[in-house]
Amino acid sequence: MGQKLKITGWVAAGAVAGALTTVSLQTMARGALAPLPLEELQQLAAVFGMIKSDYVEPVDEKKLISDAISGMVSGLDPHSQYFDKKSFKEFREGTSGRFVGVGIEISQEDGLVKVVSPIEGSPAFRAGLKPGDLITKIDDTAVKGLTLNEAVKRMRGEAGTKVLLTIFRKDESRTFPVTITREEIRTQSVRGKVIEPGYAWIRLSQFQERTVDDFARKIEEIYKQDPNLKGLVLDLRNDPGGLLDAAVAVSAAFLPQGATVVTTDGQLAESKQVYKAIPADYQRRSGSDPLRNLPAGLKTVPLVVLVNEGSASASEIVAGALQDHKRATVMGSQTFGKGSVQTVRPLGPDTGLKITTARYYTPSGTSIQARGIVPNVLVDDTAEGSPFAVLRMREADLEKHLSSGQGPEKKDPELEKQRDEARKRLEEETKKSPQARITPEFGTDKDFPLMQALNKLKGQPVVASKTQVIVENKEEKKEN
């Protein structure tokens with residue numbers, strides 16, 4: 001990313017709960033620091049000594065220090081984190097789009113792990129796993145009771161090792177074992193197709209190292225198939241974020257040369273940046289512009305951006321930039337609101353510190369943090385509405401979340417009342433059969449928000465939301 005990356009190293013953007021977080025790796029020396037609080041440090045040393053000598057059983061010194069660092073960092077905000085050797089490795093895998101495992105996209109259903117899709121060419125794909133398969137056991141461990149992250153960790157491992165999955169296939173009413181050999185997986189973050197003559201859909205599930213190249217290739221494929229596109233849907237639903245330069249590049253594909261994409265602001269000089277739609281701000285390596293061969297029509301084709309509560313950080317940057325420049329109509333539901341920058345600084349060869357160093361702002365100067373992007377057109381998940389949308393967690397619901405920096409926060413009592421009502425409805429909904437609660441797959445003709453996006457592009461009536469509520473600080477809006 002040109003001069004900016006010379007200053008701040010590797011920059012990424014992302015969300016919460018195991019998704020990618022905004023990152024810049026750097027080893028430059030810090031500036032002058034205030035004097036250390038010696039009395040408090042002496043207390044810390046005293047507690048360390050007491051635990052070593054008085055605790056009921058011996059405690060490993062390295063673990064004590066590691067736990068002390070973790071506690072200190074976790075008290076800041078939900079996205080600051082101390083990386084030990086294992087978590088640092090997992091973090092790097094997440095941003096690269098590579099990991100060692102079986103190669104499946106998964107979700108959770110009735111306490112079991114559901115196969116959403118096997119990654120093409122992966123061990124799971126070759127073993128014959130299908131969308132909708134339920135994993136009931138991983139080796140000798142029952143999946144029921146495990147979190148999704150715990151299940152993922154059990155399926156990952158060293159390349160060449162084997163894992164035994166017990167599969168229940170609903171449509172065949174049978175359970176069977178599958179032994180799969182783990183190998184390095186390269187995830188595919190870009191999907192797309194021509195939905196009907198003149199209209200195409202392209203989905204980004206994450207912003208990774210290969211996303212921009214894959215995005216450019218997919219756009220070229222779409223235009224070769226239909227050179228006269230009348231409209232395009234950019235689908236960022238449930239996209240938790242990823243690399244900042246990828247978000248800048250995707251925005252630049254649609255915006256005029258030099259348009260502001262996002263700005264950052266924090267205490268450090270290098271935290272005060274303006275990222276524009278120019279190659280210097282999105283090229284990660286020396287070489288040619290990855291957007292150089294994109295069709296000229298992409299700059300003007302009518303565009304709808306689909307977002308939801310799972311759209312966070314890098315995807316919010318793209319949606320906010322295209323919305324502020326009036327380049328696209330943003331449709332869906334209010335986004336997550338993860339608008340803070342984290343810098344990852346190595347503490348050694350295998351450990352690091354991820355610390356929040358800045359906030360993101362859209363081109364108009366609006367903070368994304370704890371607010372998110374409010375769509376131009378609110379659209380429900382289904383034709384029946386989104387009765388439980390108000391229950392979905394956002395950045396502002398996280399304990400110790402960073403404020404927007406643009407005014408005080410104030411709880412909305414009306415929102416809390418609506419959440420109570422939604423919880424009661426949810427209790428009734430859970431009594432229905434699992435089949436009745438399955439959400440249609442993105443990109444199909446049963447994908448209600450996508451169908452509304454196509455209606456918008458065609459100039460046809462759009463079914464606006466019947467149930468959604470904007471989660472917005474009224475006092476902040478008044479002051480700003």
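Reader: How many helices and strands does the secondary structure of the protein chain come to?
Author: In this predicted model, the protein chain has 12 helices and 21 strands. Of its 480 residues, 46% count as buried. Among contacts with a separation of 6 or more, 71% join residues 24 or more positions apart.

Reader: What makes strand E13 largely enclosed by the rest of the structure?
Author: Strand E13 covers residues 199–204, and six of the six are buried, so the rest of the structure largely encloses this strand. Both faces are covered. Tyr-199, Trp-201 and Arg-203 are buried on one side, and Ala-200, Ile-202 and Leu-204 are buried on the other.

Reader: How do you know that E12 and E13 pair?
Author: Two strands are said to pair if at least two bridges are found between them. Strand E12 (residues 190–196) and E13 have six bridges, in the antiparallel sense. These strands therefore meet the cut-off of at least two bridges. As one example, Lys-193 has Trp-201 in E13 as its bridge partner. The hairpin of E12 and E13 has two residues between the strands, and Gly-198 takes a positive phi near 95 degrees there.

Reader: In which sense does E13 pair with strand E14, parallel or antiparallel?
Author: E13 and E14 (residues 231–235) pair in the parallel sense, over five bridges. Tyr-199 stands opposite Gly-231 in E14. From E13 the chain crosses through helix H7 (residues 211–225) to E14.

Reader: Why is this β-α-β crossover called right-handed?
Author: The term applies if, with the strands pointing away from the viewer, the path from the first strand over the helix to the second runs clockwise. The crossover from E13 through H7 to E14 is right-handed.

Reader: Why is Gln-208 called buried?
Author: Buried means under 20% relative accessible area. Gln-208 has a relative accessible area of 5%, so this residue counts as buried. Gln-208 is found in the loop between E13 and H7. Gln-208 and Thr-187 are 21 residues apart in sequence and 9.1 Å apart in space, C-alpha to C-alpha.

Reader: How do you know that Ser-315 is buried?
Author: The relative accessibility of Ser-315 is 0%, which is under 20%, so Ser-315 counts as buried. This residue lies in helix H9 (residues 314–324).

Reader: What does the side chain of Ser-315 reach?
Author: The side chain of Ser-315 reaches the backbone nitrogen of Ala-312 at 2.8 Å. Leaving aside residues up to four places away in sequence, Ser-315 touches Phe-207, Leu-236, Asp-239 and Gly-241.

Reader: What makes helix H8 largely enclosed by the rest of the structure?
Author: In H8, 11 of the 11 residues are buried, so the helix is largely enclosed by the rest of the structure. Among them are Leu-244, Asp-245, Ser-251 and Phe-254.

Reader: Which residues touch the most other members of the largest nonpolar core?
Author: They are Leu-234, Phe-254 and Val-305, in a core of 53 residues. The largest share of this core, nine residues, comes from H8 (residues 244–254). Apart from it lies another core, of 17 residues, including Ile-104, Val-113, Ile-138 and Leu-165. In soluble globular proteins, nonpolar side chains tend to be buried together.

Reader: Which residues does Phe-254 touch, not counting residues up to four places away in sequence?
Author: Phe-254 touches Phe-215, Leu-232, Leu-234, Leu-298, Lys-299, Leu-303, Leu-322 and Arg-327.

Reader: How do you know that the span of helix H3 is close to the expected one?
Author: H3 (residues 61–74) has 14 residues and reaches 20 Å from its first C-alpha to its last. The expected value, at 1.5 Å a residue, is 20 Å, and the span is close to that value.

Reader: What caps the N-terminal end of H3?
Author: Asp-60 does, with a side-chain oxygen 3.1 Å from the backbone nitrogen of Lys-62. Within H3, Leu-64, Ser-66 and Val-73 are buried. The buried residues of H3 pack against helix H2 (38–54), strand E3 (81–83) and strand E20 (352–361).

Reader: How do you know that E15 and E16 pair?
Author: Pairing needs at least two bridges. Strand E15 (residues 260–265) and strand E16 (residues 273–276) have four, in the antiparallel sense, and Thr-263 has Val-274 in E16 as its bridge partner. E15 is also joined to E20, by three bridges, and these strands run antiparallel. There, Thr-263 stands opposite Tyr-361.

Definitions and conventions
Residues are numbered from 1 along each chain as its sequence is written. This is a predicted model: local features need pLDDT of at least 70, side-chain atom pairs count only at pLDDT 80 or more; totals for chains, interfaces and linings use all residues. Side-chain values use heavy atoms; hydrogens and water are left out. Buried means under 20% relative accessible area, exposed over 50%, partly exposed in between (1.4 Å probe, protein chains only). The expected span of a helix is 1.5 Å times one less than its number of residues. Contact means heavy atoms within 4.5 Å. A polar contact is a pair of N or O atoms within 3.5 Å; within protein, one must be able to donate a hydrogen and the other to accept it, and residues adjacent in sequence count only if both atoms are side-chain atoms. A nonpolar core is a set of buried Ala, Val, Leu, Ile, Met, Phe, Trp, Tyr and Cys residues joined through side-chain atoms within 4.5 Å.
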